[in-house]
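Colleague: I'd like to go through the labels on this one with you. For each, tell me what rule sits behind it.

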Amino acid sequence: MKLYSFFRSSAAFRVRIALNLKQIAYETVAVHLRRNDQSKPDYRAVNPQGLVPALQDSGLKLIQSFAIIEYLDEVHPDPPLLPKDPADRARVRALAGIVACDIHPINNLRVLRYLTHELGHDEAAIAKWYNHWIATGFEALEPLLARDTRTGAFCHSNSPGLADIALVPQVVNAERYQLDLTPYPNIMRVSDNCMRLEAFIAAHPSKQPDFEA
């Protein structure tokens, strides 16, 4: 199994966590977005979209992190990342989507280039834009975790799943951009529980071979 990944990408971070939770051995192929590796023909042959992650499993090629994670959950069912009950599965997918939808463009360099080159924003303005979208997702997620009895040590029950995999990279982004996280005690409690697990620790951008300080 081969994962095409950029260390800073939230989407690739998510897939690394899932692979680690399931203890699946994989090879990492660095696609360095700042060097524009994603536009090279050899990577376009793997992923025509040009972003990361992409996963090769034998002859199969998959893109988009949530699709990859659900594939992994189907072919490697233990430990499960989604509940069996349809209502619970829907809840977990919804929680995952809340923190991934608006925040995901943080690591989409096409968006970043548009902000800098087309709109002429400086770094301070971009950081403000990042924090706005992080806070939007967190403000939606926090009360859902707080008032639902299905929230346990993690977003859903007492074992990590898809929603936690989506959440942790965004907490890392929030810390990177120095967002005040005190309004989100449930989010931080879940994130702290996740970051006590080696699967999440080893997936962190700072642990990747192409890490840049």
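Colleague: What covers the buried residues of α8?

Modeller: The cover includes α6, α7 and α9. A residue counts as covering when it is in contact, meaning heavy atoms within 4.5 Å. Helices here are DSSP runs of H or I with at least four residues, strands are E runs of at least two, and both are numbered from the N terminus. One caveat: this is a predicted model, so local features need pLDDT of at least 70 and side-chain atom pairs 80 or more, while totals for chains, interfaces and linings use all residues. Residues are numbered from 1 along each chain as its sequence is written, and side-chain values use heavy atoms, leaving out hydrogens and water.

Colleague: What makes α8 largely enclosed?

Modeller: Seven of its ten residues are buried, so the rest of the structure largely encloses α8. Buried means under 20% relative accessible area, exposed means over 50%, and partly exposed is in between, using a 1.4 Å probe and protein chains only. The buried ones are Asn186, Ile187, Met188, Val190, Ser191, Asn193 and Cys194.

Colleague: Why does Asn193 count as buried?

Modeller: Its relative accessibility is 18%, so Asn193 falls under the 20% limit.

Colleague: Which backbone oxygen does the side chain of Asn193 reach?

Modeller: That of Ala153, at 2.7 Å. The side chains of Asn193 and Arg196 are also joined by a polar contact of 2.6 Å. The rule asks for N or O atoms within 3.5 Å; within protein, one must be able to donate a hydrogen and the other to accept it, and residues adjacent in sequence count only if both atoms are side-chain atoms.

Colleague: Which residues touch the most other members of the largest nonpolar core?

Modeller: Phe138, Leu167, Leu181 and Ile187, in a core of 45 residues. α7 gives the most to this core, nine residues. A nonpolar core is a set of buried Ala, Val, Leu, Ile, Met, Phe, Trp, Tyr and Cys residues joined through side-chain atoms within 4.5 Å.

Colleague: What makes Asp73 and Lys22 a salt bridge?

Modeller: The rule is a side-chain nitrogen of Lys or Arg within 4 Å of a carboxyl oxygen of Asp or Glu. The closest N and O atoms of Asp73 and Lys22 are 2.8 Å apart, so the pair passes. Asp73 sits in helix α3 and Lys22 in the loop between α1 and β2, 51 residues apart. Asp73 counts as buried at 12%, and so does Lys22 at 7%.

Colleague: How many salt bridges does that rule give?

Modeller: Seven. Asp88 pairs with Arg150 at 3.1 Å, and Asp148 pairs with Arg150 at 2.9 Å. Asp88, Arg91, Asp148 and Arg150 are linked in a network of salt bridges. Arg150 is partly exposed, at 32%.

Colleague: Why does Arg16 have no salt bridge?

Modeller: Arg16 is buried, and the nearest side chain of opposite charge, Asp210, is 6.3 Å away. For charge, Lys and Arg count as positive and Asp and Glu as negative, with His and the chain ends not counted.
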